[in-house]
Amino acid sequence: MAKFDSYFLMKDSDAIEYAQYKVPQMDWDAATMEAKEIGDGNLNYVFKVRDGQGHSVIVKQAGVELRISKDMHIDVDRNRVESEILILQGKLAPGYEPEIYDYDTEMHACCMQDLSDHEVMRPAMLEHRIFPKFADQISTFMAQTLMGTTDIVMDHQEKKKLQRKFISPDLCDITEQLVYTEPYNDELGRNNVYPPNADFVKEKLYDDEELHLEVAKLKMDFMTRAQSLIHGDLHTGSVFINEESTMVFDPEFCMYGVMGYDFGNIIANMMFAWCNGDAAGAGEFCDWVESVIVDVVDMTMDKMSKYYDEHVTDTMCKTKGYKEYYMKTILSDTAGVTGLEMIRRTVGMANVIDLTTIADEKARVRAERICITAAIDFIKNRGDKRCGNCFLKTFKDAAAAIDA
């Protein structure tokens, strides 16, 4: 199939041929094969290919421009990065990543395990469904993948090779702009601010120089601290889930950065889910989300601490008192990123549907103000957040302040 020797953007019919060519071990029934493009993200095209005999595969291809903006172009090599990081993280945390069958650097596409017995977590959360094993499973994933790629544990030379291998300047630039810059000044005019909250956003975000200073510090940390190999976009839209299993996917934003970036993204997105459930009067769901916030923080930190003790290799990192210092920086970074994610997904270019689907105007205004208020506290007072209850209290205090 020579037409796959050079890049072009596939359509459904192409994905069928591609799957036959790249995943022959499926023993496809060609006569009954069908494909459907199911991607709902901003960057890629995702095809589900299946046949009448029960064989199926996901084909994911990188586009040359963002689906949300044809003016934004990014390196298609991100598909290679994503495939290799899924393989690596699958080794570090077995059972938490889809299997990669094939990836190629000509079509910038990969073929991976179809997780049809799972579902994307965000839509399920919008139905206010509860997943009792999530906190334990996502905390295990983060502890093992984040700690397992640090200088604390890895041979330093091997870690530097990974750092060089898993880098995408284009995707880093997107994060630096959309997370760490534009939500605080709208310098490119791309923010999506809910009109009833425009004055609130101007006062609380655009005009607060003290906040800008703290965000600047966090931005430089993100750009310069190669602490761990992070997923880079870890939220409920990047998780497949069912009652028994949690699977993490879509790590194309992976890079070496502060491990609190992944950690904080998970916490922030649970808070978005709470806001949606609260607006709908889903009390049992909100109670569960609150327990998840506390448990994810405490379980992850506990598992990271144990991983440190069991796997530390660096001589100086065995010095008395260093582990305690190191763990505190993780929590501080996590709190800061929790705030950054809450703000950028509320007022930035890519709003989160947990908030935008709140139909009642007053309820949405309230939810957004809770997120912004809590986020500012997380950023400005990030060094004070020492446990899961601290994170939850910050969020609940923000809700109380808005309701006062």
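Ala, Val, Leu, Ile, Met, Phe, Trp, Tyr, Cys and Pro count as nonpolar in these legends, Asp, Glu, Lys and Arg as charged, and the others, Gly among them, as polar. The views show a predicted model.

**View A. Lining of the largest cavity by residue class.** The lining consists of six nonpolar and two polar residues, with no charged residue. Ser168, Leu171, Cys172, Thr175, Phe222, Phe253, Cys254 and Met255 form this lining. Helix H6 supplies the largest share, three residues.

**View B. Volume of the largest cavity.** The volume of the largest cavity is about 30 Å³. Searching the whole structure gives one cavity of 30 Å³ or more.

**View C. The second largest pocket and its lining.** This pocket holds about 190 Å³ of space. Its lining is made up of Gln163, Phe166, Ile167, Cys172, Glu176, Phe222, Met223, Thr224, Arg225, Ala226, Met255 and Tyr256. Helix H6 (169-178), helix H8 (209-224) and strand S12 (255-257) are the elements that each give two or more residues to this lining.

**View D. Helix H8 at the second largest pocket.** H8 contributes three residues, the largest share of the pocket lining.

How values were computed. Residues are numbered from 1 along each chain as its sequence is written. This is a predicted model: local features need pLDDT of at least 70, side-chain atom pairs count only at pLDDT 80 or more; totals for chains, interfaces and linings use all residues. Side-chain values use heavy atoms; hydrogens and water are left out. On a 1 Å grid over the protein atoms alone, a cavity is a set of points where a 1.4 Å probe fits but cannot get out, and a pocket is an open set with protein on both sides within 12 Å along at least five of seven lines; lining residues have an atom within 4 Å of a point. Grid points are joined across faces, edges and corners, and a volume is the space filled by probe spheres set on the points. Helices (H or I, at least four residues) and strands (E, at least two) are DSSP runs, numbered from the N terminus.
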